[in-house]
Amino acid sequence: TIFKVVSLVYENDKLVSTKTRFFVSSMKANELSADKWLELIVARWGVESVHQILDVSFCEDKHPWITKNANGALVVMLLRRLVYTLLTLYKSVTLRSEQNREMTWRELMSQIRDTLLWAREKILDGLRPRKFAMPPALC
């Protein structure tokens, strides 16, 4: 089955761009509704976007870190995905201004690097301690 998906992008109620993409599936066209097909396509390419971000921003393909131990490589891969998820939440929830939402991954990674470089004991000394509630399961 071949699908044609047309994306229309509007800004201030004015059409600014149109993109046409084609997708191929081994499933029969009548196996899903049009809405479900679109949901499947968006979910599939959302996964590809994550891999692209991990490859470009985290340089995953260039720096595998662990090459001789499959379990170690799996742990590093999972940690990278965990960090990616946390950064995505930080970027989309904490950074609410339009300018911050448009921040590139490279800019975000630079901010985190700078924070880690600048966070010396002398700077952190005197900050009030934060108190976190202990989850009941851990009490």
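**A predicted chain with two strands and five helices**

Among contacts in this chain between residues at least 6 apart in sequence, 28% join residues at least 24 apart. Contact here means heavy atoms within 4.5 Å. This is a predicted model: local features need pLDDT of at least 70, side-chain atom pairs count only at pLDDT 80 or more, and totals for chains, interfaces and linings use all residues. Residues are numbered from 1 along each chain as its sequence is written, and side-chain values use heavy atoms, with hydrogens and water left out.

Let's start with confidence. pLDDT is the predictor's confidence in each residue, from 0 to 100. The chain averages 77. Of the residues, 80% score at least 70. Strand E2 has the highest confidence, at a mean of 90. Helix H3, residues 98-101, has the lowest, at a mean of 67. Where pLDDT is low, the predicted coordinates should not be read in detail.

Now the layout. The chain has 5 helices and 2 strands. From the N terminus on, the order is β-β-α-α-α-α-α. Helices (H or I, at least four residues) and strands (E, at least two) are DSSP runs, numbered from the N terminus.

Next, the surface. The chain exposes about 12000 Å². Carbon and sulfur atoms supply 60% of that area. Accessible areas come from the Shrake-Rupley method with a 1.4 Å probe; for residues, only the protein chains shown count as cover. How many of the 139 residues, in percent, count as buried? The figure is 14%. Buried means under 20% relative accessible area, exposed means over 50%, and partly exposed lies in between (1.4 Å probe, protein chains only).

On to the strands. Thr20 is in strand E2. Leaving aside neighbours within four places in sequence, Thr20 is in contact with Lys4, Val5 and Val6. Take Val6. Thr20 and Val6 are 14 residues apart in sequence, yet 4.5 Å apart in space, C-alpha to C-alpha. Thr20 itself is partly exposed, at 42% relative accessibility.

Now look at the loop between E1 and E2. Asn12 is found there. Asn12 is not a glycine, but has a positive phi of about 55°. Asp13 is also a residue other than glycine, and its phi is positive, near 60°.

Follow the chain past E2. Ser25 is in the loop between strand E2 (14-24) and H1. The Ser25 side chain reaches the backbone nitrogen of Met27 at 3.0 Å. Beyond neighbours within four places in sequence, Ser25 is in contact with Thr1 and Trp37.

Rings of Phe, Tyr and Trp (its six-membered ring) pair if their centres lie within 6.5 Å; planes under 30 degrees apart count as stacked, over 60 as edge-to-face and the rest as tilted. By this rule the count comes to 1 aromatic pair. Phe3 and Trp37 form that pair, with 4.3 Å centre to centre and 40° between the planes, so the pair is tilted. The pair links distant parts of the chain: Phe3 sits in strand E1 (residues 2-11), Trp37 in helix H1 (residues 34-56), and they are 34 residues apart. Both Phe3 and Trp37 are buried.

Val50 and Tyr84 are 34 residues apart in sequence and 8.4 Å apart in space, C-alpha to C-alpha. Val50 is partly exposed, at 22% relative accessibility.

Last topic: salt bridges. A salt bridge is a side-chain nitrogen of Lys or Arg within 4 Å of a carboxyl oxygen of Asp or Glu. How many salt bridges are there? The count comes to 2. One joins the side chains of Glu39 and Lys36, at 3.6 Å, N to O. Glu39 and Lys36 are 3 residues apart in helix H1, so about one helical turn separates them. Lys36 is partly exposed, at 43%. Asp114 and Arg113 also meet through their side chains in a salt bridge, at 2.9 Å, N to O. Asp114 is partly exposed, at 21%. Arg113 is partly exposed too, at 45%.

Conventions. A polar contact is a pair of N or O atoms within 3.5 Å; within protein, one must be able to donate a hydrogen and the other to accept it, and residues adjacent in sequence count only if both atoms are side-chain atoms.
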